Amino acid sequence: RHRLGGLPRRTLVHVGLLIYGSLDTVSGGFIYDRNLVRYLRQAGDRVEVISLPWRGYGVSLLDNLNPGLRRRLTRAPFDVLLEDELVHPSCFCLNQRLRPRLSYPIIAIVHHLRCRERHPALLRRLYRGVEKRYLASVEAHICVSRTTAKDVEDVLGRTPPLVVASPGRDGLPGAVSRKEISARAAAPAFNLIFVGNLIPRKELHTLLAALSSLPGGDWHLTVAGSLTMDTAYVDAIRRQIKDTSLTSRVTLLGPLSAG
């Protein structure tokens, strides 16, 4: 059985990637996954993407009993299986049942934890319980930030094998400092851009509330991101913009192409 660190550093490997929906989905998490797949393929590795359908949380739990998925993962000739942590409801029991039968390790790519989002207390307890079991079912974790790594440690109650692999230029020299941000915000006129799909956990409503409390000044906010992932939230954002008289100051562009 291949264990973490057991492969020679430059050995070409067969990698499985388990996700929901399409790898072409426009979101930061999927862009991260796409870049990872592109990097691995350019390095000569073989990457096979396994896609599960987007469904409700409760229905996705039934995937743990899916014999077709179980057979596919058991028979797959992977050297390692990467799972986007989004698929945790489909795998939190399945992984534990399969581990003794697999010839490869399972590693989770953790962008964020659902139990860290704002939900009613009962739902948060459910999500935390399912995610804790899922995080314990894999052999290691790739976390996209130090904050996410701390969340994983908190939910598990221990420090598991993990690595923090920040996306893009996060934390690299050249990033804008707090001092520079403060100086720009104090300028007579400034433009802001919010890049993210319009869903509650991105908290555009919090940014709008903060901006609406400013005493004045010449500013404009441009929002780039999907307007269809949560239409109820988008409707609430539009009402918030109207009710706070920010219609002339906020532009909702919707999703933009990479070009």
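Tutor: Begin at one residue pair: Ile142 stands opposite Val163 in strand 6. This is a predicted model, in which local features need pLDDT of at least 70, side-chain atom pairs count only at pLDDT 80 or more, and totals for chains, interfaces and linings use all residues. Residues are numbered from 1 along each chain as its sequence is written, and side-chain values use heavy atoms, with hydrogens and water left out.

Student: Over how many bridges do strand 5 and strand 6 pair?

Tutor: Strands here are DSSP runs of E, at least two residues, and helices are runs of H or I, at least four, numbered from the N terminus. Two strands pair if DSSP finds at least two bridges between them. Strand 5 and strand 6 pair in the parallel sense, and the number of bridges is three.

Student: Which helix makes a β-α-β unit with strand 5 and strand 6?

Tutor: The unit is right-handed: with the strands pointing away from the viewer, the path from the first strand over the helix to the second runs clockwise. Its helix comprises residues 146-156 and is helix 7.

Student: Which residue in strand 5 stands opposite Val110?

Tutor: Strand 4 and strand 5 run parallel and are joined by four bridges. Strand 4, helix 6 (residues 121-136) and strand 5 also make a right-handed β-α-β unit. The residue opposite Val110 is Cys143.

Student: Are the residues on the two faces of strand 5 buried or exposed?

Tutor: Buried means under 20% relative accessible area, exposed over 50%, and partly exposed in between, with a 1.4 Å probe and protein chains only. Ala140 and Ile142 lie on one side of strand 5, and His141 and Cys143 on the other. All four of these residues are buried.

Student: What is the order of the strands in the open sheet?

Tutor: The sheet has six strands with parallel pairing. Its edge strands, each pairing on one side only, are strand 2 (46-52) and strand 6 (162-164). Neighbouring strands are turned by 20° against each other on average, direction ignored. The order is 2-1-3-4-5-6.

Student: Which residue is the bridge partner of Leu18 in strand 3?

Tutor: Strand 1 (residues 14-20) and strand 3 (residues 80-84) run parallel, joined by four bridges. The partner of Leu18 is Glu83.

Student: How far apart in space are Leu198 and Asp230, C-alpha to C-alpha?

Tutor: Leu198 lies in the loop between strand 7 (189-195) and helix 9 (204-212). Leu198 has a relative accessible area of 0%, so it counts as buried. Leu198 and Asp230 are 32 residues apart in sequence, and their distance in space is 6.9 Å.

Technical notes
Axes fitted to C-alpha atoms, helices over the stretch in contact; angles between N-to-C directions.
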